[in-house]
Structure formats: C-alpha cells, structure tokens
Amino acid sequence: GKRAFIAGVADDNGYGWAIAKSLAAAGAEILVGTWVPALNIFESSLRRGKFDESRKLQDGSLMEIAKVYPLDAVYDNPEDVPEDVKANKRYAGATNWTVQEVAESVKKDFGTIDILVHSLANGPEVSKPLSETSRKGYLAALSASSYSYISLLKHFLPIINPDGSAISLTYIASERIIPGYGGGMSSAKAALESDTRVLAFEAGRKKRIRVNTISAGPLGSRAAKAIGF
Ligand code: NAD
C-alpha cells in the first residue's frame, strides 16, 4: 500500500480531511501534519471520538490516522523560529514542528512516503483588499500559502518514493477577481500555480515525482468561513 502525508488537517471540515479519507478508502496509510496551535484540540477531539462519524469510509470501517505530527509550515528549521513563538504557550508543549524536523520525524518513524498533500493556507489580512494590504501581511500570505509548498517538497523529496506525487490546493482567485479574497491571497495562489510548474519540472527530472495543484471549488471549511465565504 501507499503512504500519504497530508499537511493541513485540523478538523473534519476541510479539504485535507476529505483527501485523507479518499486516500484511506483507496488503501493508503495516513499521516497528517496539524498546525501547532490547533494540535491539542484536534488530537483530543480524535481521541474522544468526536470525528468518528466523519471517519466512516464507504465500507463501514473508520479511517485510521497512523500518526499526527505538529507542524508550522512557515518555519523551515529551529533557527527560523523567533523567541516570541518559542515562548508562546500554544507552541511550548510541542516539539519538532518545523518543516525540516517533521520530514526527519516521518523518515525516522516510517522511512518513506508516496504522496505529499499540501492543504494549508493562511493570510492574516485576507479580509483587506489587496490595495490596502500591508507588506507584512502580503509576505505572510505568501510564506504560509506558497513558500510552504516549496519547503515541504524540498524537505520531503528525499523520502518520497520514485513515481510518487505531491499535490496542493489552489483557487480561481489567482486568475480572476474574487472580491473578498484579499490580503495577497490571490497573489499567493498565483505564485503557488507558477511554482507548481517549475517544481514539477525540477522534481520530475530529479526523482520522477509528479507535482500538481488542483483548483478547488468553494467549500465551507474553517478557513473559508473565517473570511465570510
Ligand atoms: P482548512 O481550514 O480545513 O485548512 C487549512 C489548514 O491550514 C488548517 O488546518 C490550518 O490549521 C492550516 N494552517 C494554517 N497555517 C498553517 C501553518 N503555518 N502551518 C501548518 N498548517 C497551517 O481550510 P480549507 O479551505 O480546506 O483549506 C485547504 C486548502 O484548500 C488551502 O490551500 C485553501 O486555500 C484551499 N482552497 C480552499 C477552498 C475553499 O473554498 N475552502 C477553495 C479553493 C482552495
């Protein structure tokens, strides 16, 4: 069977969860990366059976998650983590959650993966029109939503089996004007799509890994509701 690592699962409402279920139904072993501040509630909800109904697969069995890894995809390694984040009590309880450390942990625990899924985005100023977005907000959107795919692929590439694949989720606001999708999120998706072509070329040559992004339709996830979609 195949093994998948899905970055960006913190509840049962988003694309990451749905993708995990599809992969589980197809027989894949499921590992997930959960944003550090959301880790405790996700793990305790899992443990308490809050997701049991939505863990149900078509054959009646429940999706198993082999391991949940804390992850913050805006930091590549421990040297990148600012002091205030290290000291933050939402981060203090977890360890090894930078991208490089998560890839190392997955390697140690499981050796290799076949499928890497990037299902995460964040734009702190998403509710501001692009023309009113600060430099800081714009760069934060690109860091969390675009560079995070480059970083994940860079650090996981050595442990993705040949003929494996990577996928992320983009949005039509990269090409057409979608009022309300601000804060540089439209720019972040445009970068994600362009980067996907270049990364596909590079990872294809290097290791026969396919790199794609899917432009998803609207879904009432936590992220979408937060911006009033
Ligand atoms: P979601 O809230 O289920 O998923 C986003 C996840 O990203 C959350 O679990 C959040 O905790 C995580 N996250 C945020 N910052 C992070 C960080 N720094 N490190 C690690 N994780 C982080 O919402 P979703 O809508 O399912 O989003 C998944 C993907 O689908 C995103 O790329 C989003 O842009 C894309 N998408 C969503 C829609 C939609 O309508 N919901 C449409 C097209 C594309």
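Helices here are DSSP runs of at least four residues, numbered from the N terminus. With that settled, let's walk through this predicted model, starting at the ligand.

Which helix gives the most to the shell around the ligand? That's helix 9, with three residues. Helix 9 spans residues 222-226, and along with strand 5 (160-170) it is one of the elements that give two or more residues to this shell. Altogether, 26 residues surround the ligand, and the closest are Tyr 15, Asp 72, Lys 189, Leu 219 and Ser 221. Sort the shell by class and you get 16 nonpolar, seven polar and three charged residues.

Now for the polar atoms. Asp 72, already on the list of closest residues, has a polar side-chain atom 2.9 Å from a nitrogen atom of the ligand. On the oxygen side, a polar backbone atom of Ala 223 sits 3.2 Å from an oxygen atom of the ligand. As for cover, the ligand has 820 Å² of accessible area on its own, and the protein covers 92% of that.

Next, have a look at a pair of helices. Helix 6 (residues 99-110) packs against helix 7 (residues 135-156) at an angle of about 35°, with the axes 9 Å apart. Their crossing is right-handed. Helix 6 makes the contact with Val 99, Gln 100, Val 102, Ala 103 and Val 106, while helix 7 brings Ser 151, Leu 152, His 155 and Phe 156. By class, that contact has six nonpolar and three polar residues, and no charged ones.

Methods. Residues numbered from 1 in each chain as written. Predicted model: local features only at pLDDT ≥ 70, side-chain atom pairs only at ≥ 80, totals over all residues. Heavy atoms only, no water. Axes fitted to C-alpha atoms, helices over the stretch in contact; angles between N-to-C directions. Left-handed = near helix turned anticlockwise from the far one by under 90°. Contact = heavy atoms within 4.5 Å. Nonpolar A, V, L, I, M, F, W, Y, C, P; charged D, E, K, R; others polar. Near = heavy atom within 4 Å. Polar contact = N/O pair within 3.5 Å; in protein donor to acceptor, adjacent residues only side chain to side chain. Areas by Shrake-Rupley, 256 points an atom, 1.4 Å probe, with all protein chains shown as cover.
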